Every structure is written in structure tokens, then in C-alpha cells.
Amino acid sequence: MGEVRVPAHAKWRAQTQRAVENFPISGQRLERAHIEALARIKGAAAVVNAELGVLGKEVAGAVAEAAAEVAEGRWDEDFPIDVFQTGSGTSSNMNANEVIATLASERLGKDVHPNDHVNASQSSNDVFPSSIHIAATSAVLNDLIPGLEHLAAALERKAEEFAGVVKSGRTHLMDATPVTLGQEFGGYAAQVRYGVERLRASLPRLAELPLGGTAVGTGINTPPGFSAAVIAEVARATGLPLTEARNHFEAQGARDGIVETSGQLRTVAVGLTKIANDLRWMASGPRTGLAEINLPDLQPGSSIMPGKVNPVIPEAVLMVTAQVTGNDATVAAAGAAGNFELNVMLPVIARNVLESIRLIANVSRLLADRTVDGITANVERAREYAESSPSVVTPLNKYLGYEEAAKVAKRSLAERKTIREVVVEGGYVERGLLTEEQLDEALDVLRMTRP
Ligand SMILES: O=C(O)C[C@H](O)C(=O)O
């Protein structure tokens with residue numbers, strides 16, 4: 001393939017350099033968590049290769065130590081390859097092999113080979129997808145789920161605080177029967193909690209690794225017992241609930257487990273979109289909007305309109321959720337791109353899923369700390385809306401019947417009178433259709449928020 005010139009300072013070697021030159025596409029590299037996962041596999045493989053007699057103890061020890069340094073993040077600058085590269089991730093697998101080989105060679109004072117030693121008993125085809133699943137499992141468990149639980153707890157605190165704040169319900173964006181602000185926040189909290197349930201439900205398949213399958217899932221070039229042993233070693237080193245693929249051909253030919261997780265991420269994003277939009281609408285105003293709640297003022301909203309403050313965090317949430325939805329569309333297309341024994345869109349799957357996890361985790365914490373925690377309710381205004389909604393006529397159905405109650409609602413709107421005023425003026429009490437007490441009870445808006 002001709003000569004290739006590698007920078008003198010680089011720990012990488014020729015294959016990495018060729019890939020740097022072949023793929024100057026996005027300027028995006030592998031995520032830190034992904035480099036860590038690759039290095040964990042390399043370290044675990046060295047340990048198990050030594051135990052099973054594939055590598056000598058000295059070389060294996062040097063490889064394991066070098067891999068640990070890479071896992072810790074000391075050599076991230078030596079992972080320069082663009083994420084849009086060979087579909088198997090071979091370039092990044094070789095990048096890890098080369099950097100670790102160089103570091104191990106420097107330690108030992110003799111040559112450690114990237115393929116023969118660092119990549120022993122492995123192929124990009126089992127290592128690279130495994131690294132994606134490890135990085136994603138770690139990010140879901142250690143970052144995303146805690147972030148979502150933090151948001152759910154903030155929403156639950158507000159649900160409790162706003163339990164007695166009555167407001168107009170809205171369906172089709174039109175005035176409906178009353179609800180409490182607490183009921184709405186309780187609904188948002190449940191959406192987020194169910195998102196956590198959904199993610200947990202997908203974890204067993206996300207945490208299944210193809211590692212040990214090597215080139216096509218058969219495990220060619222591995223010693224007996226390698227797959228189970230290396231996965232156990234990675235699980236020990238990372239503390240993650242990783243398991244061996246139940247079927248190594250499914251695990252290399254398809255990427256359904258991570259497509260499933262991406263779908264759950266999209267579901268969470270869809271839920272956050274609804275929540276962020278409701279918050280923006282309820283806080284709209286201050287004069288010409290709904291103004292049922294106030295979001296904390298975080299920064300001037302406008303460069304030209306003095307004093308204007310905008311719902312900046314909910315807007316950031318909406319951009320994240322749009323990005324996650326787009327990422328999922330890409331993951332779905334990429335997941336469908338498996339042919340025979342290998343999916344060849346692995347790096348873009350990694351990029352998108354890891355980005356989605358990180359974005360949702362970060363924005364959930366921000367939404368909790370910088371918006372939800374500081375929300376206050378405009379109690380009077382919320383009650384006023386509830387009482388003026390024509391739909392509060394609904395409990396009168398049983399006294400007046402639907403048709404008559406509809407007339408009351410329409411008259412109240414046309415004459416800008418309350419439902420109570422129209423009922424009293426309409427002589428319904430005199431005609432014995434209901435008593436004053438029944439009218440009061442029926443028009444108690446807080447009562448209407450219960451069955
Ligand atoms: O890099 C490898 O280990 C294998 C490669 O992805 C291939 O199947 O051609």
C-alpha cells in the first residue's frame with residue numbers, strides 16, 4: 001500500500017495513520033467512554049490470553065498495563081481517527097492495538113505486536129460491537145438512569161407542592177374540566193420513571209457481548225473457554241452486568257440489542273418533548289400567554305427586547321429530543337445494514353447512541369436543577385381559568401342533561417357570565433332541577449379533579 005509517514009510523537013502506527021488520511025470526514029472522534037471500553041477489552045483479553053497460554057506472562061502483563069492507561073484516558077490524543085470510517089470499526093480497533101502495542105513495547109524494551117499480541121484471540125468484528133455495548137451499558141447505568149431519576153424526583157416534589165393548585169385541564173388545546181397542577185406534574189414524573197423502566201428492560205440485551213466470536217461468530221483463533229473468560233474479566237474490571245451472547249451469530253450479524261436501546265432513548269426523548277412543551281405553554285406570557293406558572297429567570301432572553309426572559313432550558317430540552325429522534329432514525333437505518341455475518345455501520349451506531357445517552361442525561365439534570373426546582377405557581381390565575389372554563393358545566397349533566405348544560409355553557413361564553421350566574425338566572429333552581437347546595441357542590445372546581 002506504499003509508504004506512510006507517522007508523526008514522530010505519535011503512539012499510533014501505520015494502520016491508524018492510513019485511516020486518518022482516508023477518513024477526514026466529520027472531525028468527530030470516538031467518544032471517551034468508547035475508547036475506555038475498547039481498552040478494557042484489550043486488557044481483559046491480555047489477562048485471559050495469559051491464563052489460557054496464548055501469550056507469555058511478560059507480554060500479557062505489559063499489554064494489560066498499557067491498556068489500563070488507555071482506559072484511564074491518558075492517551076486519548078492518540079485516537080485521531082474519524083468516527084465515519086470502516087463500518088466494522090477495524091480502524092479504531094487497530095488504533096487501540098497500535099497505541100497499546102507501542103506503550104507495552106516501551107515498557108518491556110522489546111517489540112509487542114499490535115495484531116499478534118494486543119489483538120490475540122480477537123477480531124474487530126467481535127471487539128468493536130462489544131465495546132459499543134460496554135460503553136452504552138455503562139453510560140445508561142451510571143449516567144442516564146441517575147439523571148432521569150434526579151429529574152423524576154424533582155417533578156415528584158413539585159407534584160406534592162402543587163397538589164392543591166387547581167387549574168383548567170386542556171384537551172385539543174381547548175378548555176376542559178379542571179385538574180390540579182400537582183396531577184400534571186405527577187404525570188410528568190411518571191413518564192420519566194417509566195422511561196427508566198424501559199431502559200432497564202432493554203439492559204439485559206444491551207449487556208450481551210459478542211466478544212469471543214472473532215471474525216464471523218465461530219470463535220476461530222480463540223482457545224477453548226476464551227469467550228466466557230474474557231467477558232467475565234471485563235465484567236469484573238468494569239463492574240457492569242455483562243454476559244456472553246446467547247447466540248454468537250445473532251450477536252455479530254445483527255445489532256438489534258442496541259437498536260432496541262436507541263428506541264427506548266427515543267421514547268424517553270418523546271416524553272421529555274411533551275413535558276418541555278407543557279412547561280413552556282404554562283409559563284407563556286407574562287401578559288399575553290397562559291401564565292399559570294413561572295419558570296426561574298436564568299438569563300436575559302433578548303438582545304433587543306429589554307426585560308424579556310425566555311424558557312431557555314425547555315428550549316434546550318427540545319433541541320436535545322429532536323437530535324435524539326434523528327440519531328435513532330440513523331441507528332435504525334444502520335441497524336438494518338447487517339449482511340450475513342456482520343453489521344457494517346458500527347461506528348455511526350456508537351456515535352449516535354452514546355451521544356443520545358449523554359445529551360439526555362445532561363439535559364435531564366439541567367431541567368431538574370435549573371427549571372423544575374424553581375417553578376412557582378400563579379395560584380389565583382390558575383383557579384380563575386379553571387372557574388371560567390365552560391367545561392366546568394360538565395357535572396351539571398346529571399341535573400340538566402347534556403343538551404341543556406351545553407346551552408348553559410354557550411350562554412355563559414356569549415354573555416361573559418359565570419356558569420353559576422347563568423344557572424341561577426335560568427331558573428333551573430326554581431324549577432327544582434337542582435338545589436343551591438347541589439349547584440355549589442357541582443361547581444366546586446377542586447372537587448372536579450377527582451372521580
Ligand atoms: O478487522 C477485522 O478483524 C475483520 C474485518 O472487519 C473484516 O471482516 O473484514
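**Ligand shell, a helix pair and some loop residues**

In this predicted model, a polar side-chain atom of serine 88 sits 3.2 Å from an oxygen atom of the ligand. On its own the ligand exposes 270 Å², and the protein buries 55% of that (accessible areas are from the Shrake-Rupley method with a 1.4 Å probe; for residues, only the protein chains shown count as cover). Serine 123 has a polar side-chain atom 2.7 Å from a ligand oxygen atom, and for serine 124 an N or O atom of the side chain is 2.6 Å from an oxygen atom of the ligand. Around the ligand are Ser88, Thr90, Ser123, Ser124 and Asn125, where a residue is near a molecule or strand if one of its heavy atoms lies within 4 Å of it. Sorted by class, this shell holds five polar residues, no nonpolar ones and no charged ones (nonpolar covers Ala, Val, Leu, Ile, Met, Phe, Trp, Tyr, Cys and Pro; charged covers Asp, Glu, Lys and Arg; the others, Gly among them, are polar).

A word on the ground rules: residues are numbered from 1 along each chain as its sequence is written, and side-chain values use heavy atoms, with hydrogens and water left out. As the model is predicted, local features need pLDDT of at least 70 and side-chain atom pairs count only at pLDDT 80 or more, while totals for chains, interfaces and linings use all residues.

Next, the helix pair. The axes of α7 (residues 181-206) and α10 (residues 256-282) come within 8 Å and cross at roughly 170 degrees, which makes α7 roughly antiparallel to α10. Their contact involves 13 nonpolar, eight polar and six charged residues. Axes here are lines fitted to C-alpha atoms, for helices over the stretch in contact, with angles from 0 to 180 degrees between N-to-C directions; under 35 degrees counts as roughly parallel, over 145 as roughly antiparallel, 65 to 115 as roughly perpendicular and the rest as oblique. Helices (H or I, at least four residues) and strands (E, at least two) are DSSP runs numbered from the N terminus.

In the loop between α10 and β5 (293-294) lies proline 286, joined to glycine 285 by a cis peptide bond with omega about 10 degrees.

Notes
Polar contact = N/O pair within 3.5 Å; in protein donor to acceptor, adjacent residues only side chain to side chain.
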